[in-house]
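Trainee: I've got a model open and I'd like to learn how to read it. Could you walk me through it?

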Amino acid sequence: MTIDAATIDALFREARTQNKWKDEPVSDETLTELYDILKFGPTSANCSPARFVFIRSKDAKQRLSPALSSGNRDKTMAAPVTVIVAYDPKFYDKLPQLFPANPDAVKWFTSNESLAATTAFRNGTLQGAYLMTAAHMVGLDVGGMSGFDNAKVDAEFFAYSGWRSNFLVNLGHGDTADLPPRPPRLSFDEACLLL
Ligand SMILES: Cc1cc2nc3c(=O)[nH]c(=O)nc-3n(C[C@H](O)[C@H](O)[C@H](O)COP(=O)(O)O)c2cc1C
């Protein structure tokens, strides 16, 4: 089954990165709905290492502000929500719950630090992408950001949990008045091989 063209437009072809935000709040219900969609995106051994911090209050935005690059600061302060897309390096502690089919799975990672680190980052990043696509599904616009100091964010927000920040995503309803033209994408021939 193929989904309809309008849905593909909403999720990808017409989904733009937003840099200006309308002053419209995003409810707890919408964020819960967003998570309850993105959580179904697949991860290896169902490990689900991503953790999401939804920053909405002025107070929490102020805590985030010093870590942001100057180009990302004003738009992040204006966004109704900024998500810290993070991951738990000790994601494997939850494998007995998440992957009951194989009780040995936790040992794959406790016995191999490098595999655990790669798995956490790879799958946590995938889940960040699922979040961006799911956001469009619940009617939100997005603006991804990697221009910030991860160590500062981790010290401010994750000193106790040990989670690590990956990237940030502004969420809300975009003000498209000054949206720049869309940057081009690579063609199929440039980006793909058919073997
Ligand atoms: C992981 C990630 C990090 C990004 N980092 C930044 C950033 O720090 N600052 C910024 O202004 N835009 C950032 N962007 C936005 C990209 O530049 C934008 O998505 C890209 O140019 C495509 O634009 P479009 O989504 O409107 O087609 C980021 C996007 C992603 C997905």
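This is a predicted model: local features need pLDDT of at least 70, side-chain atom pairs count only at pLDDT 80 or more; totals for chains, interfaces and linings use all residues.

Trainee: How many helices and strands does the protein chain have?

Mentor: Helices (H or I, at least four residues) and strands (E, at least two) are DSSP runs, numbered from the N terminus. Here the protein chain has nine helices and four strands. Going along the sequence, their pattern is α-α-β-α-α-β-α-α-α-β-α-β-α. The radius of gyration is 18 Å, close to the 16 Å from the globule rule for 195 residues, so the protein chain is as compact as a globular protein of that length. That radius is taken over C-alpha atoms, and the rule is 2.2 Å times the number of residues to the power 0.38.

Trainee: What box do the C-alpha atoms of the protein chain fill?

Mentor: Roughly 55 × 50 × 35 Å, taken along the principal axes. Contacts are another way in: two residues are in contact if their C-beta atoms, placed from the backbone, lie within 7 Å. Of the contacts in the protein chain with a separation of 6 or more, 83% are between residues 24 or more positions apart.

Trainee: How do the axes of helix α2 and helix α7 cross?

Mentor: Axes are lines fitted to C-alpha atoms, for helices over the stretch in contact, with angles from 0 to 180 degrees between N-to-C directions. Those of α2 (residues 28-38) and α7 (residues 113-137) come within 9 Å and cross at roughly 125 degrees. The two helices are therefore oblique to each other; under 35 degrees counts as roughly parallel, over 145 as roughly antiparallel, 65 to 115 as roughly perpendicular and the rest as oblique.

Trainee: Which residues of α2 and α7 meet?

Mentor: L34, I37 and L38 in α2 meet Q127, Y130, L131, A134, A135 and M137 in α7. By class, that contact has eight nonpolar, one polar and no charged residues. For the classes, Ala, Val, Leu, Ile, Met, Phe, Trp, Tyr, Cys and Pro count as nonpolar, Asp, Glu, Lys and Arg as charged, and the others, Gly among them, as polar.

Trainee: Now single residues. Is S48 buried or exposed?

Mentor: A residue is buried if 20 or more other C-beta atoms lie within 10 Å of its own, exposed if 12 or fewer, and partly exposed in between; C-beta atoms are placed from the backbone. S48 has 22 such neighbours, so S48 counts as buried. In the protein chain, 29% of the 195 residues are buried. N46, with 16 neighbours, counts as partly exposed.

Trainee: What is phi of N46 and of S48?

Mentor: Most residues other than glycine have a negative phi. Phi of N46 is near 55 degrees, a positive value, and phi of S48 is near 45 degrees, also positive. N46 lies in the loop between α2 and β1 (50-55), and S48 is found in the loop between α2 and β1.

Trainee: Where is D9 found?

Mentor: D9 is in helix α1 (residues 5-13), and with 12 C-beta neighbours D9 counts as exposed. L186 is in the loop between β4 and α9 (188-191), and L186 counts as exposed with 8 neighbours.

Conventions: Residues are numbered from 1 along each chain as its sequence is written.
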